[in-house]
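Trainee: Hi! Could you walk me through this one, starting with the terms I'll need?

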Amino acid sequence: MTQGGKKKKRAVNRSIMLAKKIIIKDGGTPQGIGSPSVYHAVIVIFLEFFAWGLLTAPTLVVLHETFPKHTFLMNGLIQGVKGLLSFLSAPLIGALSDVWGRKSFLLLTVFFTCAPIPLMKISPWWYFAVISVSGVFAVTFSVVFAYVADITQEHERSMAYGLVSATFAASLVTSPAIGAYLGRVYGDSLVVVLATAIALLDICFILVAVPESLPEKMRPASWGAPISWEQADPFASLKKVGQDSVVLLICITVFLSYLPEAGQYSSFFLYLRQIMGFSSESVAAFIAVLGILSIIAQTIVLSLLMRSIGNKNTILLGLGFQILQLAWYGFGSEPWMMWAAGAVAAMSSITFPAVSALVSRTADADQQGVVQGMITGIRGLCNGLGPALYGFIFYIFHVELNELPMPESPAGGSVVTQYHLQQNSIIPGPPFLFGACSVLLALLVALFIPEHTNLNVRSSNWKKHCGSHGHPHSPQAPGEAKEPLLQDTNV
């Protein structure tokens with residue numbers, strides 16, 4: 001080896017050792033304030049999504065100003081690329097965090113997820129480009145759930161995941177309204193600065209206050225230790241879908257129902273703002289009301305329905321509400337129709353928790369991770385396909401704005417909005433109607449799912465590679481398939 005090569009290798013080794021010392025003190029004692037706890041994870045999640053929630057209204061404006069002719073198509077492509085990259089990278093980052101520890105990957109995911117924020121005012125083109133690429137690291141929840149799994153007992157884990165999910169929902173219920181108010185009074189530049197400051201605060205909190213949760217004895221002595229590439233394969237769980245007829249029915253139901261939901265979340269607030277004539281404050285209020293109603297639906301209403309009509313019927317009822325909601329969005333041409341359909345959307349949010357409960361009740365204990373992993377993989381795939389599909393449907397039906405919104409007319413809506421509603425008076429929102437048809441197919445498939453059965457998926461290889469790191473706290477823990485409310489309303 002040449003002298004230059006040796007120097008380069010020594011420099012790389014010094015960089016790795018320096019990074020490791022930042023995260024872990026000598027002797028294996030974790031840095032941070034106190035012992036690892038769920039509250040550390042809760043604060044990390046709250047700060048990250050509070051920062052992004054502040055930018056809900058400014059992002060919608062900048063998106064339209066940057067892509068005035070193909071707003072919905074470009075929005076779909078941006079969110080689609082981000083979703084697909086997240087789907088591909090999540091298992092790999094999870095496997096690496098099993099080897100190198102959680103704190104380093106919390107730092108990476110939060111940093112790269114929040115990196116686009118200051119670019120909103122510096123260069124909108126770079127802002128949206130970096131948002132797309134940031135999907136590689138936009139998997140903070142996977143690492144956070146692994147962090148929680150490291151420090152909780154199995155009987156405590158559901159409550160801990162619930163606390164993290166509730167914190168996420170709370171950040172999105174409050175932050176869009178705050179961002180819209182500050183933008184209207186002080187301008188969007190202040191909102192971007194505030195969001196950047198909160199993101200930096202989150203990064204500093206991870207560096208200074210968050211202790212490493214993965215015990216030193218669980219990690220290999222060398223950072224160059226191999227990982228299980230089968231575990232890092234994003235398609236590993238999907239390959240097992242056809243091994244059981246009941247699993248196949250459940251997975252088809254999840255795909256057909258979640259594909260339009262993922263597309264809807266990527267474009268719906270832009271649709272309200274630019275096509276339906278909602279103000280920034282109205283969009284923020286819509287998010288808050290929908291979030292609160294969904295929390296009620298997924299807790300009180302869901303438990304009552306599960307006890308009274310059973311698991312399968314609850315799934316069918318949720319799919320029925322989703323069909324009604326999407327059809328109402330598709331044919332609705334007045335703001336009050338959007339509010340009414342939003343209330344129905346809250347009821348449709350019971351579908352996925354009911355599916356997860358059905359799987360957990362019918363699958364054997366050693367099959368939980370396999371089946372939940374399949375469902376999570378399908379949802380991740382939909383996060384990439386759904387936004388791109390919705391953007392393309394908006395494009396082929398010519399639902400676009402060719403000029404900036406004009407001042408409000410005396411009737412209350414903008415002139416551009418009224419023009420578009422006249423153009424598309426029969427079906428104002430074509431993608432939502434397509435989504436309703438997709439969910440109808442999901443409902444027909446779900447009718448064939450038996451209420452009580454034993455899922456039998458051959459999982460010997462899965463269990464082998466899941467156990468390859470010597471501990472059960474991998475990011476594919478069963479509870480992690482239960483993604484939090486409105487997780488897909490990323491902006």
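Mentor: Happy to! Let's begin with burial: a residue is buried under 20% relative accessible area, exposed over 50%, and partly exposed in between (1.4 Å probe, protein chains only). This is a predicted model, where local features need pLDDT of at least 70 and side-chain atom pairs count only at pLDDT 80 or more, while totals for chains, interfaces and linings use all residues. Residues are numbered from 1 along each chain as its sequence is written, and side-chain values use heavy atoms, with hydrogens and water left out.

Trainee: Great. How many helices and strands are there in the protein?

Mentor: The protein has 19 helices and zero strands. Both are DSSP runs numbered from the N terminus: H or I for helices, with at least four residues, and E for strands, with at least two.

Trainee: And what share of the residues is buried?

Mentor: Of the 491 residues in the protein, 55% are buried. As for contacts (heavy atoms within 4.5 Å), take those between residues at least 6 apart in sequence: 85% of them join residues at least 24 apart.

Trainee: Let's pick a helix. What is the span of α8?

Mentor: Helix α8 covers residues 140–151, twelve in number, and reaches 17 Å from its first C-alpha to its last. That is close to the 16 Å expected at 1.5 Å a residue; the expected span is 1.5 Å times one less than the number of residues.

Trainee: Why do you call α8 largely enclosed by the rest of the structure?

Mentor: Because ten of its twelve residues are buried. Among them are Thr-140, Phe-141, Tyr-147 and Asp-150.

Trainee: How many salt bridges does the whole structure have?

Mentor: Two. Arg-184 and Glu-281 also meet in one, at 2.6 Å from N to O. Arg-184 lies in helix α9 (residues 154–186) and Glu-281 in helix α12 (residues 280–308), so the pair ties together parts 97 residues apart in sequence. Arg-184 is exposed at 53%, and Glu-281 is partly exposed at 30%.

Trainee: What about Glu-48, which is buried yet has no salt bridge?

Mentor: Its nearest side chain of opposite charge, Lys-82, is 7.4 Å away. Glu-48 is found in helix α2 (residues 38–54). Leaving aside neighbours within four places in sequence, Glu-48 is in contact with Val-110, Thr-113, Cys-114, Thr-140 and Asp-202.

Trainee: Switching topic: how many aromatic pairs are there?

Mentor: There are 20. The rings of Phe-112 and Phe-137 have centres 4.5 Å apart and planes at 20 degrees, so that pair is stacked. Rings of Phe, Tyr and Trp (its six-membered ring) pair if their centres lie within 6.5 Å; planes under 30 degrees apart are stacked, over 60 edge-to-face, and the rest tilted.

Trainee: How exposed are Phe-112 and Phe-137?

Mentor: Phe-112 counts as partly exposed at 32% relative accessibility, and Phe-137 counts as partly exposed at 22%. By contrast in geometry, Phe-268 and Tyr-329 have ring centres 4.2 Å apart and planes at 35 degrees, so their pair is tilted. Phe-268 is buried at 2%, and Tyr-329 counts as buried at 0%.

Trainee: Which cluster do Phe-268 and Tyr-329 belong to?

Mentor: One linked by ring pairs, with members including Phe-72, Trp-339 and Phe-432.

Terms used:
Lys and Arg count as positive and Asp and Glu as negative; His and the chain ends are not counted. A salt bridge is a side-chain nitrogen of Lys or Arg within 4 Å of a carboxyl oxygen of Asp or Glu.
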